[in-house]
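The sequence and the coordinates are shown first.

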Amino acid sequence: SPMGPYVDHNNQSIKGANRGRQVLFGNAYFSGPGHNTVVQDDDGNYFIIYHGFDRREDPFYGNSPRRSLLLDKLLWDEDGFPYVKGMMPSNTPQPYPVIRNNEE
């Protein structure tokens, strides 16, 4: 419900400190994943679009991390809470959103 109550995966109010569960953690390829949005494709699948700092050396920027746009499929556990496979940004080919042209 838009009116709540809002609880975490342990059924605790999210108003307290140290509540909730992180959906994504950084890895050897991307650090600081965040600032996200969730979208649903035309097949009903959910995806999380977010950014992370690319930790790999870039031929143009050297070792300076740069922010990259990332996309991963969002999954739901048996209790209805979101997660990303492996809980880290993917670095291999992944499913992509289905977008149909609805023009007649």
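Beyond its neighbours within four places in sequence, Ile-48 is in contact with Leu-24, Asn-36, Thr-37, Leu-70, Leu-71, Asp-72, Leu-74 and Val-84. The model that shows these contacts is a predicted one. As a general background, nonpolar side chains in soluble globular proteins tend to be buried together.

**Overall architecture**

The chain contains zero helices and four strands, and its elements follow the order β-β-β-β from the N terminus. The four strands make up an open sheet, arranged β1-β2-β3-β4, with antiparallel pairing. Strands β1 (30–40) and β4 lie at the edges, each pairing on one side only. From one strand to the next, the twist averages 35°. Of the 104 residues in the chain, 20% count as buried. Among the contacts with a separation of 6 or more, 43% are made by residues 24 or more positions apart.

**Strand pairing**

How many bridges join β2 and β3? Strand β2 (residues 46–54) pairs with strand β3 (residues 66–76) over nine bridges, in the antiparallel sense. Within this pairing, Ile-48 stands opposite Asp-72 of β3, and Tyr-46 has Leu-74 of β3 as its bridge partner. Leu-74 in turn stands opposite Val-84 in β4. Strand β4 (residues 82–84) is joined to β3 by three bridges, again in the antiparallel sense. The hairpin of β3 and β4 has five residues between the strands, and Gly-80 in this hairpin takes a positive phi near 85°. In a regular strand, side chains alternate between the two faces of the sheet.

**Salt bridges**

The structure holds two salt bridges. In general, side chains of opposite charge can pair when their charged atoms come close. The two pairs are listed below.

| Salt bridge | N to O distance |
|---|---|
| Arg-21 and Asp-77 | 2.8 Å |
| Asp-43 and Arg-100 | 2.3 Å |

The salt bridge between Arg-21 and Asp-77 has its closest N and O atoms 2.8 Å apart. This pair links distant parts of the chain, with Arg-21 in the segment before β1 and Asp-77 in the loop between β3 and β4, 56 residues apart. Arg-21 counts as partly exposed because its relative accessibility is 38%. Asp-77 counts as buried, since its relative accessibility is 17%, a value under the 20% limit for burial.

In the other salt bridge, the side chains of Asp-43 and Arg-100 meet at 2.3 Å, N to O. Here too the pair links distant parts of the chain: Asp-43 is in the loop between β1 and β2, Arg-100 is in the segment after β4, and 57 residues separate them. Asp-43 has a relative accessibility of 43% and therefore counts as partly exposed. Arg-100, at 44% relative accessibility, likewise counts as partly exposed.

Is His-51 buried or exposed? His-51 is located in strand β2 and counts as buried because its relative accessibility is 11%. The side chain of His-51 makes a polar contact of 2.7 Å with the side chain of His-35. Apart from neighbours within four places in sequence, His-51 is in contact with Gly-32, Pro-33, Gly-34, His-35, Arg-67, Ser-68 and Leu-70.

Asn-27 lies in the segment before β1. With a relative accessibility of 13%, Asn-27 counts as buried. Which residues are in contact with Asn-27, leaving aside its neighbours within four places in sequence? They are Arg-55, Met-88 and Pro-89.

Technical notes: Residues are numbered from 1 along each chain as its sequence is written. This is a predicted model: local features need pLDDT of at least 70, side-chain atom pairs count only at pLDDT 80 or more; totals for chains, interfaces and linings use all residues. Side-chain values use heavy atoms; hydrogens and water are left out. Two strands pair if DSSP finds at least two bridges between them. Helices (H or I, at least four residues) and strands (E, at least two) are DSSP runs, numbered from the N terminus. Axes are lines fitted to C-alpha atoms, for helices over the stretch in contact, and angles run from 0 to 180 degrees between N-to-C directions. Buried means under 20% relative accessible area, exposed over 50%, partly exposed in between (1.4 Å probe, protein chains only). Contact means heavy atoms within 4.5 Å. A polar contact is a pair of N or O atoms within 3.5 Å; within protein, one must be able to donate a hydrogen and the other to accept it, and residues adjacent in sequence count only if both atoms are side-chain atoms. A salt bridge is a side-chain nitrogen of Lys or Arg within 4 Å of a carboxyl oxygen of Asp or Glu.
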